[in-house]
Amino acid sequence: PLRIGVLAVQGDVREHVHVLSSLGAEATGVRRPRELDEVDAIVIPGGESTTMDKLVRAFELYDPLRKRIADGMPAYGSCAGMIMLADRIADARPDQQTLGGLDMTVRRNAFGRQVDSFEEDLHMPEVVGADGDPVRAVFIRAPWVEQVGEGVQVLATVESGPAAGHIVAVRQGNLLATSFHPEVTGDHRVHDYFVQMVRAARA
Ligand code: GLN
């Protein structure tokens, strides 16, 4: 079976492990470099990206993760995990680093305080197929993607309201990122898409 790790230093680890297991993957938390060596792919969950950044370095996972990502290991980042996979953060705090890998600029807490958390239907034909139902996306103090490089494929944009047009899901090679939290809705299609990416990368 595919072995998919969930970065387990902070954030909603358990929900991702549960979804990945239900899709037939061998899913485990990763908080040590040795555990990272044993997985085919990694999910970086939602949480708080400044804390996650500090803990990743404290657990001595920063360099090994960067190396595995550079070597082509598939990675999926949701929300704070998306921020961790971004090459650039808009108006970044001077002490916040990311793992990087995705050629994009993200803005943290982009949707503003009034609309802290919200849900919206997104069309994601690449992920769910041309005839697939929209994905119900749950955003929790989410980032959006402000700028992408040429190699980045946009998988979803907000379709209505004041944030319309903003990018909220992307893929570049073996890296996938969403502003929202598909692990909380019971709809496993985004994870299933990632599992297919992992399978293809291992083949
Ligand atoms: N606002 C958080 C951050 O900037 C992300 C929130 C989340 O992951 N749900 O890190």
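Leaving aside neighbours within four places in sequence, H181 is in contact (C-beta atoms, placed from the backbone, within 7 Å) with G46, S78, C79, V138 and I140. The structure is a predicted model, in which local features need pLDDT of at least 70 and side-chain atom pairs count only at pLDDT 80 or more, while totals for chains, interfaces and linings use all residues. Residues are numbered from 1 along each chain as its sequence is written. The chain averages a pLDDT (the predictor's confidence in each residue, from 0 to 100) of 96.

H181 is located in the loop between β12 (175–178) and α7 (189–202); helices (H or I, at least four residues) and strands (E, at least two) are DSSP runs, numbered from the N terminus. H181 is buried, with 23 other C-beta atoms within 10 Å; the term buried requires 20 or more such atoms, and exposed 12 or fewer, with C-beta atoms placed from the backbone. E183, in the loop between β12 and α7, is also buried, with 26 other C-beta atoms within 10 Å.

An unreviewed UniProt entry places the feature "active site" at C79, H181 and E183. These residues span 105 residues in sequence, yet no two of their C-alpha atoms are more than 11.2 Å apart, so they gather at one spot.

In helix α4 (residues 62–70), L65, R68 and I69 are buried. Seen down the axis of α4, the buried residues fall within an arc of 100 degrees, so they line one face of the helix. The face turned away from this buried side carries the exposed residues D63, K67 and A70.

Terms used. The arc is that of the directions from the helix axis to the C-beta atoms. UniProt positions are given in the numbering used here, feature names are shortened, and annotations may be inferred rather than shown by experiment. Two residues are in contact if their C-beta atoms, placed from the backbone, lie within 7 Å.
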